[in-house]
Amino acid sequence: MNQVNRRITLASRPDGYPTEANFKLVEAPVPSIGPGQVLVQTLYLSLDPYMRGRMNAAKSYAPPVELGATMVGGIVGKVIASEHQKFKVGAIVEGRLGWQDYGVSDGRDLRQVDPAAGPISTAVGVLGMPGLTAYFGLLDVCQPRPGDTVAVSAASGAVGQVVGQIAKLMGCRVVGIAGDPRKIAYITRELAFDAAIDYKTEDLDVALDRACPNGIDAYFDNVGGQVSEAVFRHLAYRPRIAICGQMALYNVEAPEPGARSLRFMLVHRARMEGFLVSDFADRWPEGLKRLSRWVKDGKIKYREDVVEGLENAPKAFLRLMRGENFGKLVVKVADQRPTQGDNS
């Protein structure tokens, strides 16, 4: 075992878009464990938009990362030492152990992963937090009905690609909004969305008129900003809107004016609800069981954007902030090698 634990820490708080200077790679000895604890080697690190908010000092639904502390993040890894009755050496687990090679846990924040369910990287993707976010946000918040027109922004991303496919399974017409010709081709040709809009090159109002002639019955919002402003102008009667993320606003240096199209919420009697996947924590087994079956049956496809090396996590995160990732962004930190005492 490598005796050095590399950690990516928060060196400074960004003003607007983050830069590599906001992060620092530090080395320390691999931590030891005590009774009831496990040592987990990170195999894959998940990079997600919510991390940008944790870099700020502002009050939010979760505490910010302290300066000098390890960046927060979900990982899938392998138990390499254990003093915990539930987790054996060799077990594959998922948890929020942050941007580092090795993490210690008391088990309360770990979920055992079945490698037979799919590639273990999916435990932080389609069969993890992003997939569950799509599942509960669409089915519980948007409440799609057969024949509905469902629009989803960031449609090729980790959450959006799953939202659109579940909506199709529910008998809906799906319109994806993305910002790259390759992403547009992916969601229409491979994921079978009914229509797609490139917000970077098309007039959103014209495109939404064409793609949603009867209005939008449900909108899964991953980005906010001008994209959502346009969607609000094209709502059907009594639409449901799930606010999952506001990617377009995370890096603005000064607050933008309030939503100018909120009057359409009144006109169309819309219901808009923000949610966190943790709101549904007690139902995660239900969601994972259904998602796993859909993936196994080929009814849900997924795309991963894999970056090699923990040291490249900051640069990869900046790509995510610019919308340059294509699919679920993960960092491959280490290979899955046999561990002494591994019975998996």
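User: At what angle do the axes of α2 and helix α8 (residues 284-296) cross?

Analyst: The model is predicted, so local features need pLDDT of at least 70 and side-chain atom pairs pLDDT 80 or more, while totals for chains, interfaces and linings use all residues. Residues are numbered from 1 along each chain as its sequence is written, and side-chain values use heavy atoms, with hydrogens and water left out. Axes are lines fitted to C-alpha atoms, for helices over the stretch in contact, with angles from 0 to 180 degrees between N-to-C directions. The axes of α2 and α8 come within 10 Å, and they cross at roughly 105 degrees.

User: How are α2 and α8 oriented to each other?

Analyst: Angles under 35 degrees count as roughly parallel, over 145 as roughly antiparallel, 65 to 115 as roughly perpendicular and the rest as oblique. The crossing is at roughly 105 degrees. The two helices, α2 and α8, are therefore roughly perpendicular.

User: Which residues of α2 make the contact with α8?

Analyst: Contact means heavy atoms within 4.5 Å. From α8 come Trp 284, Glu 286, Gly 287, Leu 288, Arg 290, Leu 291 and Trp 294. From α2 come Gly 131, Leu 132, Tyr 135, Phe 136 and Leu 139.

User: How far apart are the end C-alpha atoms of helix α2 (residues 129-142)?

Analyst: Helices are DSSP runs (H or I, at least four residues), and strands are runs of E of at least two, numbered from the N terminus. The expected span is 1.5 Å times one less than the number of residues. For the 14 residues of α2 this should be 20 Å, which agrees with the distance between its end C-alpha atoms, 18 Å.

User: How many of the 14 residues of α2 are buried?

Analyst: Buried means under 20% relative accessible area, exposed over 50%, and partly exposed in between (1.4 Å probe, protein chains only). Among the buried residues of α2 are Leu 132, Tyr 135 and Phe 136. The helix α2 is mostly covered, and its buried residues number twelve.

User: How is α5 placed relative to α6?

Analyst: The axes of helix α5 (residues 204-211) and helix α6 (residues 225-232) come within 10 Å and cross at roughly 45 degrees. That makes the placement of α5 to α6 oblique.

User: Is Pro 29 buried or exposed?

Analyst: Pro 29 lies in strand β2 (residues 23-29). Leaving aside neighbours within four places in sequence, Pro 29 is in contact with Gln 3 and Asn 5. Its relative accessible area is 65%, so Pro 29 is exposed.
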